[in-house]
Amino acid sequence: IMSNQDITNLNAVAASILPSPNFSIGLNGLSVSGQGASGITGTVTITNEKGEIVSSGPYMLGRYTFNLSKPFLNGEKLFATLTDGNGNSSLPVGATAPDITPPEPPSVVFNAAGSNISGVSEPDARIKIVDSASGRIIATAIADKDGTDSVTIKPALTNGQEIEVTAMDLSDLISEPAVVKAPVVILPKSPTDVEVVDGGTTVTG
């Protein structure tokens, strides 16, 4: 059972928590902004996932906007906390930095029969395999959580055809194509002049 003093202490703590303003990161990854309660003047502090301060700026008339010391552009998580002149603070609000960096071209390897392509790309990337000569989509796949992928090619490519393989990440950014040639598979020639002799017990050709 809580005592009257416990209740008083909890009310005091609740009263000292400021309403959190909203928080967004600019498309260039270099600025932050947000809005909140208009009756507060204070400072908004931006921290990274490690709790390190990366920037801060004034909060006035329910708004704030200021630049960061460096761009955040690859899905990093940042947090904004509002503090007033009396040392009261809001709960931190998180935002994710924009991702503007395309994935690296995937690594690509054919099997010897030209019927399978495997490789490594950005995790969860959408893989597209295109015939270089015609632009025809040969196959598509989605990379695993570890970035590996394996695609069956039907029909197999066995005559040195050139293909282009791209990876599209979860931000719809597309890599430069990885260009690779299919193997040249030489099939054995069919036998000619086949004869069955010796009463059907021997085949010659």
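**Sheets, loops and single residues**

A: Let's start with S10 and strand S11 (residues 116-120): 4 bridges join them, and they run antiparallel. Strands here are DSSP runs of E with at least two residues, helices are runs of H or I with at least four, and both are numbered from the N terminus. Two strands pair if DSSP finds at least two bridges between them.

Q: Before we go on, what kind of model is this?

A: This is a predicted model: local features need pLDDT of at least 70, side-chain atom pairs count only at pLDDT 80 or more, and totals for chains, interfaces and linings use all residues. Residues are numbered from 1 along each chain as its sequence is written, and side-chain values use heavy atoms, with hydrogens and water left out.

Q: Okay. Which residue is the bridge partner of Ser107 in S11?

A: Val120.

Q: And what is the strand order in the open sheet with S10 and S11?

A: The order is S10-S11-S14, 3 strands with antiparallel pairing. Strand S10 (107-110) and S14 stand at the edges. Each has a single partner strand, so one side of each is left without a neighbour in the sheet. The twist averages 20° from one strand to the next. That angle is taken between N-to-C directions, on a scale from 0 to 180 degrees, with axes as lines fitted to C-alpha atoms (for helices, over the stretch in contact).

Q: What about the loop between S10 and S11: is Gly114 there buried or exposed?

A: Gly114 sits in that loop and is buried, at 0% relative accessible area. Buried means under 20%, exposed over 50%, and partly exposed in between, with a 1.4 Å probe and protein chains only.

Q: What is Gly114 in contact with, beyond its sequence neighbours?

A: Leaving out neighbours within four places in sequence, Gly114 contacts Ile153, Ala156, Leu157 and Pro183. Contact means heavy atoms within 4.5 Å.

Q: How far is Gly114 from Pro155?

A: The two are 8.8 Å apart, C-alpha to C-alpha, and 41 residues apart in sequence. Pro155 is in the loop between strand S14 (148-152) and strand S15 (162-168). The peptide bond from Lys154 to Pro155 is cis, with omega near -10°.

Q: New topic. Which non-glycine residues have a positive phi?

A: Leu61 is one, with phi of about 55°. Asp172 is another, with phi near 65°.

Q: Where are they, and how exposed?

A: Leu61 is in the loop between strand S5 (53-59) and S6. Leu61 is exposed, at 72% relative accessible area. Asp172 is in the loop between S15 and strand S16 (178-181). Asp172 counts as partly exposed, at 48%.

Q: You mentioned S6. What is the order in its sheet?

A: S2-S3-S6, an open sheet of 3 strands with antiparallel pairing. Strand S2 (24-25) and strand S6 (63-67) are at the edges. Each has one partner strand, so one side of each has no neighbour in the sheet. S2 pairs antiparallel with strand S3 (residues 31-35) over 2 bridges. Ile25 has Val32 in S3 as its bridge partner.

Q: Last one: what about Asn48, buried or exposed?

A: Buried, at 15% relative accessibility. Asn48 is in strand S4 (residues 42-48). A polar atom of its side chain lies 3.0 Å from the backbone nitrogen of Lys50. Beyond neighbours within four places in sequence, Asn48 contacts Val54, Lys77, Leu78 and Phe79.

Definitions and conventions. Polar contact = N/O pair within 3.5 Å; in protein donor to acceptor, adjacent residues only side chain to side chain.
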